[in-house]
Each structure stands twice: as C-alpha cells, then as structure tokens.
Amino acid sequence: MAEVGLRELIRKALKARTQAYVPYSHFQVGAALETKEGKVYQGCNIENVSYGVTNCAERTAFFKAVSEGARDFSRIVVVGGEEGAEELEECPPCGVCRQVMAEFCDVDSFQVVLARSEEDYHIYMLRELLPHAFLPANLEK
Ligand code: THU
C-alpha cells in the first residue's frame, strides 16, 4: 500500500478531531496514525465525568490500531485546540501517550507531526519528545 501524503494525514487528523467527546475541557484533539503499509487509524479524545478515565486522541488511535492487528507505525499527526477556536494550537502529546508510542514505535524513526493546519506543522522524532525512555529493551537486560 502506498504511503499517505502528509497533507492527507493532517486532513484525517482534523476530521477525527470533530468527533472529540469533550464536555469537561472543551479542548478537542484529533490524531491520525499511519502504519508502514499506509493504513491510517484515526482517534479523538474521549473524556469522562471521572476525569482520570479520559483517553487522549493519540491513545485512541493507537489502541484502535493495535486491537486490529497493526504493529508497525511510521508517523502520527496530532491536532488540537479549543472547541470553536478559529486557529489551532500545537498540541504536544502527554507523557502517557509518548510512553504508549514508545511501546510500539522505534524512537529514532517514528515521527510525531504537530500540526495547526495542512500548511503549518512541525515534525519531531519520538526520541526528541521522550529522551532517555524506558523501552521494552530495558527489560531484556
Ligand atoms: N489531550 C489529548 O487528547 N491529547 C494530547 O496530546 C493532550 C491532551 C486531551 C485530554 C483531555 O481530553 C483534553 O485534551 C484536555 O487535557
């Protein structure tokens, strides 16, 4: 399967954001996770009245993908901003989501794209966002 273009991946993250369930924070996040085969899994944040139960958009995308058998990922686009906002902010993934990414992705090649629009984005390597990570390899020593 061909790699999805970055613009299309950003569009998919923006679309996923429209499904965010955010009655408490009113902060909507969308994610589009691409596999190495070019398949895309979308996710949004899903809040809960018991706040800590909330699932971030990135983990929604990862858990959807992994539960359907996907294991090899190339990049994720994350978009976020307040409900009704005219412009989006860069939305860096929380620490828990970074750790979930590190479980399944190579920290030196997996890209985290923080986008505000199709034209305005920054690309980070997962290692930059999660330096000195505790990785599956640490348990093998
Ligand atoms: N959130 C995400 O979904 N992803 C992030 O990268 C940061 C935070 C969500 C969690 C919560 O629903 C809302 O944003 C405010 O923290």
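## Salt bridges in the model

The count comes to 8 salt bridges, a salt bridge being a side-chain nitrogen of Lys or Arg within 4 Å of a carboxyl oxygen of Asp or Glu. This is a predicted model, in which local features need pLDDT of at least 70 and side-chain atom pairs count only at pLDDT 80 or more, while totals for chains, interfaces and linings use all residues. Residues are numbered from 1 along each chain as its sequence is written, and side-chain values use heavy atoms, with hydrogens and water left out.

One of the salt bridges joins Arg-11 to Glu-118, with 3.1 Å between the closest N and O atoms. Arg-11 belongs to helix H1 (residues 6–17) and Glu-118 to the loop between strand S4 (111–115) and strand S5 (121–125), so the bridge ties together parts 107 residues apart in sequence. Helices (H or I, at least four residues) and strands (E, at least two) are DSSP runs, numbered from the N terminus.

Arg-11 has a relative accessible area of 42% and is partly exposed; buried means under 20%, exposed over 50%, and partly exposed in between (1.4 Å probe, protein chains only). A network of salt bridges links Arg-7, Arg-11, Glu-118 and Glu-119.

## A buried pair

Glu-34 and Arg-75 form a salt bridge through their side chains, at 2.7 Å from N to O. Glu-34 sits in strand S1 (residues 27–35) and Arg-75 in strand S3 (residues 73–82), so distant parts of the chain, 41 residues apart, are linked. Both Glu-34 and Arg-75 are buried.

## A partly exposed pair

Asp-120 and Arg-116 also meet in a salt bridge, 2.8 Å from N to O. Asp-120 is partly exposed at 29% relative accessibility, and Arg-116 is partly exposed at 31%.
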